[in-house]
Amino acid sequence: MPLSAALDRVLASDLVSHVQVPGHDNSAMDGYALHSRYDGTKGLRVIGESRAGRPYAGPVGDQECVRIFTGAVMPDDCDAVIPQEQVAVDADGVTIEGTVSPGQHRRLAGEDLAVGAITIARGRKITPSDLGLAASIGRDVLTVVRRPRVAVFSTGNELRDLGAPLERGSIRDSNRYTLIGMLTRLGMEAIDLGIVGDDPVALDAALVAACGVGADAVITSGGVSAGDADHTRDVMRRAGDVAFWKLAIKPGRPMAFGLLAHGGRSIPMFGLPGNPVATMVVFHALVRDAMLKLAGARVEPVPSITAVCETAIPKSSGRTEFVRAIATRDAHGWRIRPTGLQGSGILRSMSEANCLIVLDHDRGPVAAGETVEAWPFQGLG
């Protein structure tokens, strides 16, 4: 695809440079190009100038120099640049007031990229700086991995979509929109399969539909607990297998993962909890990395910060807990505080947060003033 459209796509093969960058020795400063063997007791005669795009082409003697500007080609006979702040200029030429050493303020050809060097490695999710790097070696087209297609649907008889009447006991389906947003931000192509009721036949049909539209993965929310109306796990087992169910985390304990068998392929399926915060936490903690792997991207650890917790947080050892929080930075470092009530159905607490405090499996209660680890949401997107 065109370079200008490749931002956030995953590079499919190593991008190798067929040129050196920079293409020539050039000056890192505005000043005067000369040879470092000059006789410092004498002044230098200025015999020309070298500007970016307009190099000086003639010879330069031992007691001669060339006025040069940042990025301009170094004259062939020069190996150093003296900054303009370190010289005195008069009618007779230039007198150097500083010292000159070989190679000073001289950028070497190929010091950024050599011919044959891997400019960007495959599996890289392309950043704005990568676009500039590719442009610097003249590449206007990049080969990228196809975006994975991920089918998404919510389960539950109580769910209503936007615009539908809201009867007593029914609620709006928010999870689907959250999941589609998180998938889109990761660079996936989300396929919206809507809402499916708490009915095994309807769930079977939804999975068949997901496979029929060429989905590379399926993500559902709701119906993975052990209640009479929770059928997702049983349907997954009939359609393929369930590799694991239930996690030692809070929120997000009733999560199921398995593989759907269809048309000779095995399609990963993630059955996420129905509570909105639990859905997002499990996506951040587990599904995110799986989606990046599916996209052919190199999966790197989520950036984290260490912060001083301003309030106490109750916790029992034996499970990992994720606490919605707001992190701020002052002159003393990072400080963090929970957003308030931490019920897994309080979606507002996730919207107000800018990070998740991660309390490890074996950790007990957190006292005010102790340090905690947190995942900024900016690093999860």
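Visitor: In which hand does H2 pass H5: left-handed or right-handed?
Guide: The model discussed here is predicted. The two elements concerned are helix H2 (residues 175-186) and helix H5 (residues 276-294). Where H2 passes H5, the crossing is right-handed.

Visitor: How are H2 and H5 oriented to each other, roughly parallel or roughly antiparallel?
Guide: Their axes lie 11 Å apart, and the helices pack at an angle of about 30°. Angles under 35 degrees count as roughly parallel. H2 and H5 are therefore roughly parallel.

Visitor: How many residues of the contact of H2 with H5 are charged?
Guide: H2 contributes Asn175, Thr178, Leu179, Met182, Leu183 and Leu186, while the H5 side includes Phe283, His284 and Arg288. The residues of this contact comprise 9 nonpolar and 4 polar ones, and the number charged is 1.

Visitor: Which are the edge strands of the open sheet of 6 strands?
Guide: The order of the sheet is E14-E11-E15-E19-E18-E16, with mixed pairing. An edge strand pairs on one side only, which holds for strand E14 (189-196) and strand E16 (240-245). The edge strands are thus E14 and E16.

Visitor: What angle does the direction of helix H4 make with that of E16?
Guide: Helix H4 (residues 232-239) packs on the sheet, and the strands it touches include E11, E15 and E19. H4 also touches E16, with whose direction its own makes about 135°.

Terms used. Residues numbered from 1 in each chain as written. Predicted model: local features only at pLDDT ≥ 70, side-chain atom pairs only at ≥ 80, totals over all residues. Heavy atoms only, no water. Axes fitted to C-alpha atoms, helices over the stretch in contact; angles between N-to-C directions. Helix = DSSP H or I, 4+ residues; strand = E, 2+ residues; numbered from the N terminus. Parallel < 35°, antiparallel > 145°, perpendicular 65-115°, else oblique. Left-handed = near helix turned anticlockwise from the far one by under 90°. Contact = heavy atoms within 4.5 Å. Nonpolar A, V, L, I, M, F, W, Y, C, P; charged D, E, K, R; others polar. Pairing = 2+ DSSP bridges.
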